[in-house]
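Subject: Structure handover

Hello,

Please find the structure below. My notes on it come after.

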Amino acid sequence: MTRGRFITFEGIDGAGKSTCLEFVRAWLQERGLSLVTTREPGGTAAGEAIRRLLLDKNTRICADTETLLMFAARAEHLEVVVRPALSQASWVLCDRFTDATYAYQGGGRGIAFDRLDILRDWVQQGLEPDLTVLVDVDPGIASKRLEGRGGEADRFEREARQFH
């Protein structure tokens with residue numbers, strides 16, 4: 001194999017993405033594959049700083065800024081984590097990727113998909129997941145799961161049900 005595989009996990013908050021990712025990670029690890037697990041936004045020092053800003057319930061961010069921050073975190077993530085791992089034949093398992101941006105910033109915030117396409121093409125430079133696992137769950141069930149976690153909801157978790 002000349003490069004690793006890139007698998008992303010998508011779904012609303014509380015859907016069970018992290019649980020599915022952990023199951024796949026353990027399964028692949030048992031088979032002796034080299035693995036990197038990561039998340040978006042985040043995965044790097046800069047990405048985690050952007051994540052804190054994006055999730056801060058007290059920070060107001062306009063939709064365009066939010067979208068640009070998502071892609072800025074992604075650009076750093078791809079450069080520092082994903083591409084190097086893939087080039088070393090590691091498998092990369094990522095909690096969220098560009099599909100989440102189309103859902104949250106496109107569908108949720110109303111950013112035109114053609115604008116998202118331009119940013120995707122610029123940042124990803126043709127890199128797409130080899131597989132995307134979509135974890136689909138009723139928003140009511142996901143909401144109850146989130147409530148069961150305790151703690152304060154972040155900016156996205158506080159959005160109305162229609163957003164999700």
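Predicted model: local features only at pLDDT ≥ 70, side-chain atom pairs only at ≥ 80, totals over all residues.

Residues are numbered from 1 along each chain as its sequence is written, and side-chain values use heavy atoms, with hydrogens and water left out.

Helices (H or I, at least four residues) and strands (E, at least two) are DSSP runs, numbered from the N terminus. Four strands form an open sheet in the order S2-S3-S1-S4, with parallel pairing; two strands pair if DSSP finds at least two bridges between them. S2 and S4 (131-134) are the edge strands, each pairing on one side only. S2 and S3 (residues 91-95) are joined by five bridges, and Thr-37 has Leu-93 in S3 as its bridge partner.

Helix H2 (residues 45-55) has Gly-47, Ile-50, Arg-51 and Leu-54 buried (under 20% relative accessible area; exposed is over 50%, partly exposed in between, with a 1.4 Å probe and protein chains only). These buried residues fall within an arc of 105° seen down the axis of H2, so they line one face of the helix; the arc is that of the directions from the helix axis to the C-beta atoms. The face turned away from the buried side carries the exposed residues Ala-45 and Arg-52. Strand S2 (35-39) and helix H3 (63-87) are among what covers the buried residues of H2.

Thr-98 sits in helix H4 (residues 98-108) and is buried, at 5% relative accessible area. Beyond its neighbours within four places in sequence, Thr-98 is in contact (heavy atoms within 4.5 Å) with Glu-10, Phe-71, Arg-74, Arg-120 and Gln-124.

Regards
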